[in-house]
Amino acid sequence: MKRILICLLLLGWAVPMQAQPPVLSGARAVGRRVSAPVQKLRVPPPVRKLRVPPQVSAPRAKTPLPASAANVQYIWGTSAGARPFSVAKWVKKHLVRPPVPLSGVSDRALEKEVKRSYAEVKKLWKRRFGDVSQVPLLTAVFRPSKEISVVSVRSNRISYLVGKEFADKIDWLRARPGQGRQELQRLSGKAGWNELVQNLSREKLIMLGEQHYNRGIQDTVLKLVGDLKRQNPSRRVVLFTEFLYLPAHAAGSRNTLATYYRRPDPKNLRPVQQTDKMSYAPHTLKPLIQAGVEVYPLEDKTQKRVFNKEMRDGFITVLAMTQRNKNWARVMEAKMAEIQKADPDALFVVYAGLGHTSWLGPMSLPKFFAPYSPAVVEFGPQHPSVYNTLFTVWGASDPFFQPTAFTMHRWQGPDARVLAQKTGFDYMVAAPDYFNF
């Protein structure tokens, strides 16, 4: 039985969700490699208990979340560490026995492993964070799963690694002199808005991370991307978004989590039209199309069906979020390469849930596109977002998280990018309900 369990776990991490094409340029830049296609589903080995260093985070006194943060909608996304966990390196180091077919594993063994992996994550959280309600990103995006499936085992493995790296970042920030306060510039009102637009106009790639179903944030995204286009009339502005579906894809009936792969053809990916049906944020996307912004979809319905076939809530697991990011990155890379042949100076924008765009997640989108040095903008509703390490370190009662009119914060100084990767964002925007400028 022990041998079966070890082999069961080794199976899943041998390959990601889909067989991979040549490595993405961004993934290559951060040292990641992608596995070749295989036919059998594979899962990781048991998580070894890690020795906790003496400087680990001490549990914090419980402080309440801001009222608007306590009821925030679920964020579609995930993101921990400047360098994501390398599946290929892990397999090379630990895969020492030949795999066995999944059909040879008993339901009882799988159930036991799901419970064990779930408990490991919970133990880690208790040891490193104490009160996890003070770590909203962890509980909203990186939570483990108890559903009995191979997807749960693989997802819980990621949850464990993310939790450990997230705790390390919190410890790093707590130990930094001033905890980053001196490096975080704050500007408000029209002056802050103008500087935000001017700074982002100099970028090649911008990641806009929202909290879903908040009209104030969606209107702020509309104004921001619209102003970028208006202030750069001769520059091609291209927006990719999770909120629209890719064209229908004829997938084989036997597609599984291990075998599904979609190779994007940039010539077949056309910009969305203003008359097309949009089920999310049409009041944001349609005006942008009318203003001359090219809008392209990222989400894949077939991929969603594959996940949900193998697990009831498969599409909202941490594993699914990382695989969606990989799928999106392939689509973006192919289309961006085509566009840059004609317009080398094109400005690319990603509009998605902040879990996909934050620097804090495994295989988050900015890590795939490191050569572009992307600017990550995180939005909060009427106050800075709580889905970052600042909230855990500074606390909910800190003035930084109190309701405010429009404000823009950005990291500055020689450690600006390091601070961004440790906290999750380059720019923080408190989106107002309306603009008075």
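Helices (H or I, at least four residues) and strands (E, at least two) are DSSP runs, numbered from the N terminus. The structure is a predicted model, in which local features need pLDDT of at least 70 and side-chain atom pairs count only at pLDDT 80 or more, while totals for chains, interfaces and linings use all residues. Residues are numbered from 1 along each chain as its sequence is written, and side-chain values use heavy atoms, with hydrogens and water left out.

Two loop residues other than glycine have positive phi. Tyr 213 lies in the loop between β2 (205-210) and α9, and its phi is near 65°. Tyr 213 is exposed, at a relative accessible area of 55%; here buried means under 20% relative accessible area, exposed over 50%, and partly exposed in between (1.4 Å probe, protein chains only). Gln 179, in the loop between α7 and β1 (184-188), has a positive phi of about 50° and is not a glycine. With a relative accessible area of 23%, Gln 179 is partly exposed.

Helix α8 covers residues 189-201 and helix α9 residues 215-231; the two pack at an angle of about 60°, and their axes are 10 Å apart. Axes are lines fitted to C-alpha atoms, for helices over the stretch in contact, and angles run from 0 to 180 degrees between N-to-C directions. This angle makes α8 oblique to α9. Angles under 35 degrees count as roughly parallel, over 145 as roughly antiparallel, 65 to 115 as roughly perpendicular and the rest as oblique. The crossing of α8 past α9 is right-handed, a term that applies if the near helix is turned clockwise from the far one by less than a right angle, anticlockwise being left-handed. On the α8 side the contact is made by Trp 193, Leu 196, Val 197, Gln 198, Leu 200 and Ser 201, and on the α9 side by Thr 220, Lys 223, Leu 224, Asp 227, Leu 228 and Gln 231. Contact means heavy atoms within 4.5 Å. Six residues of this α8 and α9 contact are nonpolar, four are polar and two are charged. In this division Ala, Val, Leu, Ile, Met, Phe, Trp, Tyr, Cys and Pro count as nonpolar, Asp, Glu, Lys and Arg as charged, and the others, Gly among them, as polar.

The buried residues of α8 include Gly 192, Trp 193, Leu 196, Val 197, Asn 199, Leu 200 and Ser 201. The 13 residues of α8 should span 18 Å at 1.5 Å a residue, which agrees with the 19 Å between its end C-alpha atoms. The expected span is 1.5 Å times one less than the number of residues in the helix.

Within α9 lies Asp 219, which counts as partly exposed at 25% relative accessibility. Not counting residues up to four places away in sequence, Asp 219 touches His 283 and Thr 284. Asp 219 and Asp 433 are 214 residues apart in sequence, with 8.3 Å between their C-alpha atoms.

Phe 379, in strand β6 (residues 375-381), is buried, with a relative accessible area of 0%. Among the residues touched by Phe 379, with those up to four places away in sequence not counted, are Leu 208, Ile 217, Thr 220, Val 221, Leu 224 and Val 429. Helix α7 (residues 150-175) packs against helix α12 (residues 318-342) at an angle of about 80°, with the axes 7 Å apart. The two helices are therefore roughly perpendicular to each other. Val 151, Arg 154, Ser 155, Ile 158 and Ser 159 of α7 make this contact with Val 318, Leu 319, Thr 322 and Gln 323 of α12. By class, four residues of the α7 and α12 contact are nonpolar, four are polar and one is charged.

In the loop between α6 (136-141) and α7 lies Pro 144, which counts as buried at 11% relative accessibility. Pro 144 touches Tyr 118, Val 121, Lys 122, Trp 125, Asn 156 and Ser 159, not counting residues up to four places away in sequence.

In helix α16 (residues 416-423), Ala 416, Leu 419, Ala 420, Gln 421 and Thr 423 are buried. These buried residues of α16 pack against α7, α15 (389-394) and β7 (407-411). Gly 424 follows α16 and has a positive phi, near 115°. Phe 401, in the loop between α15 and β7, is buried, with a relative accessible area of 0%.
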